[in-house]
Amino acid sequence: MTDRFRELERPSAERKKDVVLMATVSSFEGLSHPSKSELRQFAELFMPLFAASTPEAKREAVAALSQNPNVPSAVAFFIACQPIGLSAPFLISSKALDDETLIAVARTQGGAHARTIVRRDDLSPTVIDTLVGLRHSRQAPAKPAVEDSEAASSSQPVQKTIAEREEDLRQQLRTMAQHLNRPHSDTLGALRLTEVQEALLVRFARERNARQFAKALSDCLSASHLLSERVMLDISGQQLATTLIGLGMDFADAAFVLGCFYPHLKARNGDMTGAEIMLEKLDPAQCENRIESWRRADLYTVNPDDTERQGREHRIPAEKLVVRR
């Protein structure tokens, strides 16, 4: 019976914590210019109350605080690091998140948080540069994990028979043969957009920010800025279409990007736009090969030690990268 009574008491206890949490948030919202003491007091009260409340109350509190520019930095970071289902409104809207906090969250909390940060309206160049480069920073930790596993395996040596070693060798040869004759559906080794990179490209296209788009595209291609600018200068849109398909961008997103930078591709021909018709005709494997040939040529024509200087000397005005009506 005691357990049953506890079961009945629990909902009311939870509701009480929810009420206290929302009352704390409401009181803080009523402070137009909170003092340092009030900010510290709110931070001390909020975090334990938040942790003890129900998911519904947490979502309401986050939604309310996402519109408040006075949220203490410790609380802002705490909320931003919550699971994305809770933190998304705060990551998108909060003015209390400075560049350092956004960068820290993007680097430590994973792709879902980074993709949500991309949706902010006020991203600074510093944050954008960090988001563009996240692919490299996230690949780096892979090596220690492999080394750790190798160390663990070496700490427990296993004596293999000759037959087992021969079987391992045969398996390696089979794997090598598969790589040499891989089907078109196998994208192993091909350049591929991360979800964050794709989100950034779509964002810059929506803003018609040709300069930032070209910069992000050059990072996606692991090539010079000059290559991405040359791709965009093709006023037919064919080279950019080839690049987007070769990088594996979603078909609808690729069509949207093309329509943003090349208005003539927005025109409809039957049930499809010019961009969709252009993309439909492209073969992904051929696009991958075309990209690789461009990248090889880019390596031959651009001195890696002098790339930045050449980029400045031959900088193409942003307005020339966007096709006008």
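The expected span of a helix is 1.5 Å times one less than its number of residues, where helices (H or I, at least four residues) are DSSP runs numbered from the N terminus. This is a predicted model, in which local features need pLDDT of at least 70, side-chain atom pairs count only at pLDDT 80 or more, and totals for chains, interfaces and linings use all residues. Residues are numbered from 1 along each chain as its sequence is written, and side-chain values use heavy atoms, with hydrogens and water left out.

Q: How do you know that the span of helix 2 agrees with what its residues should give?
A: Helix 2 (residues 36–52) has 17 residues, which at 1.5 Å a residue should span 24 Å, and because its end C-alpha atoms are 25 Å apart, the two values agree.

Q: Why is Ser218 called buried?
A: Buried means under 20% relative accessible area (exposed is over 50%, partly exposed in between, with a 1.4 Å probe and protein chains only), and Ser218 has 10%, so Ser218 is buried. Ser218 is found in helix 13.

Q: What makes helix 13 oblique to helix 14?
A: The axes, lines fitted to C-alpha atoms over the stretch in contact, with angles from 0 to 180 degrees between N-to-C directions, come within 8 Å and cross at roughly 120° for helix 13 (residues 210–221) and helix 14 (residues 225–233). That makes helix 13 oblique to helix 14, since angles under 35 degrees count as roughly parallel, over 145 as roughly antiparallel, 65 to 115 as roughly perpendicular and the rest as oblique.

Q: Which residues does Ser218 contact, leaving aside its neighbours within four places in sequence?
A: With contact meaning heavy atoms within 4.5 Å, Ser218 is in contact with Ala223, Ser224, His225 and Ser228.

Terms used:
Helices (H or I, at least four residues) and strands (E, at least two) are DSSP runs, numbered from the N terminus.
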